[in-house]
2 protein chains.
Amino acid sequence: MELLYKNIIKNELLQLEETLISSISSDIDLATEVTGYVVDSGGKRIRPVICILVAKMLNYKGSQLIKLASSIELLHTATLIHDDVVDQSATRRGKESIHSKWDNAHSVLVGDFVYSKAFQLMASLDNQEIIRILADSTNRISEGEVLQLSLKKKEVLSKKNYFEIIDRKTAELFKASAITAATLASCDQDKLISLTNFSVSLGMNFQIKDDLLDYFGDEELTGKKIGKDFEEGKFTLPLIIALPLMSEEDRSMTLETLFTENKCDFDNIINLIKDTGAVGKVEEICNKFSETCFKELENFPESDYKTGLIDIVENINSRVT
Amino acid sequence: MELLYKNIIKNELLQLEETLISSISSDIDLATEVTGYVVDSGGKRIRPVICILVAKMLNYKGSQLIKLASSIELLHTATLIHDDVVDQSATRRGKESIHSKWDNAHSVLVGDFVYSKAFQLMASLDNQEIIRILADSTNRISEGEVLQLSLKKKEVLSKKNYFEIIDRKTAELFKASAITAATLASCDQDKLISLTNFSVSLGMNFQIKDDLLDYFGDEELTGKKIGKDFEEGKFTLPLIIALPLMSEEDRSMTLETLFTENKCDFDNIINLIKDTGAVGKVEEICNKFSETCFKELENFPESDYKTGLIDIVENINSRVT
């Protein structure tokens, strides 16, 4: 079934796909081929969707929106390509990752190519404020990546550091999607603050749900292998909340498995986490973030586009992919 | 001995180093640490030097120059960090490379961090035209990297493809250094064309000399291992010119060694190349590029800064590092 929010901006989403395809074309065949492979694998396009819905909700009528939304999706795509080298993930969006199908060199250089295309699209907007926002976001995102790397496998990740990492790695680009759209639509300061709160909360919720699905999702629906985060030694919220609630023996075993890359009985780990009641606690946190989203949207008049944004929040709440 | 051109812009070069250090600082310690390690290792700073000398020669008196020059050096630094992952080079500027000292993940993510810092500096210039030039350059450079990757070890590289690659990978950022400086100084169209020809020729000359030093340089002076390009299966101009001049037997042996990563007697390869007279032919090409540089500079009135640019051309002509 078509998602409601996708229906509301059907034409814009078609234009988005066209712009993505045309903007990654290059006279260097390999660049077009590898980038096309990634861009074609779909993905939710959630960041450009937010960008388009926000600008439309604010009555933006100009011609820059699709270019802006495409540049944000390309930025996101570039980070995914480079992430896969870091995590050595074999798959991405249900397909072989670039470094599996080609090699690390292809991932690094094609990732850089996609960044440069995002950068060209941004430059073509001729809007200094938007360029500044996106430059700052790109920086915060890359700092988030380095922070995550510096904390990886060293010790138990604190809840504070976890939230800092997902704020930078995920919520930051959700925020940039909303506030660049608002900047394009010359939105006032109060509404800008509402949209900042809305988009950061949405991004946090999206990422925490993602991390929950990594433990409890359905592989067939998500297209991702269950337990990947744990296998890679990543601490995410379900584990961070469950650990102090486990018996000392279970906690030691869990941490040892995580740190030493031992083969593990992942079903057992899942059961240990479930038994602590951590899932309910994670969901409570998610609910708080979605309440903020709904509350902030109350500051905007009713419109189809606002309905679309509400639909996104609800979809993230019940997300299974 | 201090180089003449470095003396002419001594203060600006001090400011450049300060700006580089301050602009890479981050509240994520690991990002500052790894980036500082690379930025501290020096390097020739040839791109910012060109940028500064050109702007000064054109009487630019504003406050944006050091920021622009720093952003260009950071762009260059980011490409070097990522290049090292691609080539798996153990050293860079006489020190261990990032991926040797840390690992690939650090190289990819810290490279992205440096790009983002370059991008922030550019955005702070508030000059749309300069952002457009640098976005286009970043794109041409990354396409050059992908082109080189697509042609690597497949077949003998043609002279045409070699020139295309070095034009994109090296000359492009030399060009951007000169023409963004000229844009800052509101230079007229004729002079812009002269500066484009000058900087592209300078970049080509610089890279060809670099490729020559890879075969015939002094390891102690260059801080680079002789024969690295050959070992990595890279075709550069000395080899491309020598191959058709070799006996069929020597050519087959040379190509087989290059393609199969066999251990080779590199002294023998060097002698084979020398015997063809290729070195003289490469130097002829270099001389043509420097003649263009000198000729284009005639279009500018005499000044210390112009003398500095002439000094750079002469230094590249006689470069041993």
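Q: What does the side chain of A:R47 make a polar contact with?
A: The side chain of A:H76, at 3.2 Å. Keep in mind that this is a predicted model.

Q: Where does A:R47 lie?
A: In helix α4 of chain A, residues 46-57.

Q: Buried or exposed? And which side chain of opposite charge is nearest?
A: A:R47 is buried. The nearest side chain of opposite charge is A:E73, 5.1 Å away. A:R47 has no salt bridge, because the cut-off is 4 Å.

Q: What else is A:R47 in contact with, leaving aside neighbours within four places in sequence?
A: A:I72, A:H76, A:T170, A:L173, A:F174, A:S177 and A:F206.

Q: OK, switching to salt bridges. How many over all chains?
A: The count comes to 34 by this rule.

Q: Which residue does A:D83 meet in a salt bridge?
A: A:K169, with N to O at 3.8 Å. The pair links distant parts of the chain, 86 residues apart. A:D83 sits in helix α5 (residues 65-87), and A:K169 in helix α9 (residues 159-184).

Q: Why does A:D83 count as buried?
A: Because its relative accessibility is 11%, and the cut-off for buried is under 20%. A:K169 is partly exposed, at 22%.

Q: And in chain B, what does B:D83 form a salt bridge with?
A: With B:K169, the closest N and O atoms being 3.8 Å apart. B:D83 is in helix α5 and B:K169 in helix α9, so the bridge ties together parts 86 residues apart in sequence. B:D83 is buried at 10% relative accessibility. B:K169 is partly exposed at 22%.

Q: What about B:K228, which residue is its salt-bridge partner?
A: B:E232, with the closest N and O atoms 3.6 Å apart. B:K228 is partly exposed at 23% relative accessibility, while B:E232 is buried at 12%.

Q: Now the interface. How many salt bridges cross between chain B and chain A?
A: Four, by the rule. One of the salt bridges in the model joins B:R168 and A:D27, at 3.3 Å, N to O.

Q: Which residues are linked in a network with those two?
A: B:E143 and B:E164 are linked with A:D27 and B:R168 in a network of salt bridges.

Q: How many residue pairs are in polar contact across the interface?
A: The rule finds 18, both residues at pLDDT 80 or more. On the side of chain B that touches chain A, α3, α5, α7 and α8 each supply at least two residues. By class, that side has 20 nonpolar, twelve polar and nine charged residues.

Q: What area do the two chains bury between them?
A: About 3,800 Å², with 69% of it on carbon and sulfur atoms. In residue terms, 41 of chain B are in contact with 41 of chain A.

How values were computed. Residues are numbered from 1 along each chain as its sequence is written. Chains are lettered from A and ligands numbered from 1 in the order in which they are written. This is a predicted model: local features need pLDDT of at least 70, side-chain atom pairs count only at pLDDT 80 or more; totals for chains, interfaces and linings use all residues. Side-chain values use heavy atoms; hydrogens and water are left out. Helices (H or I, at least four residues) and strands (E, at least two) are DSSP runs, numbered from the N terminus. Buried means under 20% relative accessible area, exposed over 50%, partly exposed in between (1.4 Å probe, protein chains only). Lys and Arg count as positive and Asp and Glu as negative; His and the chain ends are not counted. A polar contact is a pair of N or O atoms within 3.5 Å; within protein, one must be able to donate a hydrogen and the other to accept it, and residues adjacent in sequence count only if both atoms are side-chain atoms. Contact means heavy atoms within 4.5 Å. Buried area is the accessible area (1.4 Å probe) that two parts lose on being put together, summed over both. Ala, Val, Leu, Ile, Met, Phe, Trp, Tyr, Cys and Pro count as nonpolar, Asp, Glu, Lys and Arg as charged, and the others, Gly among them, as polar.
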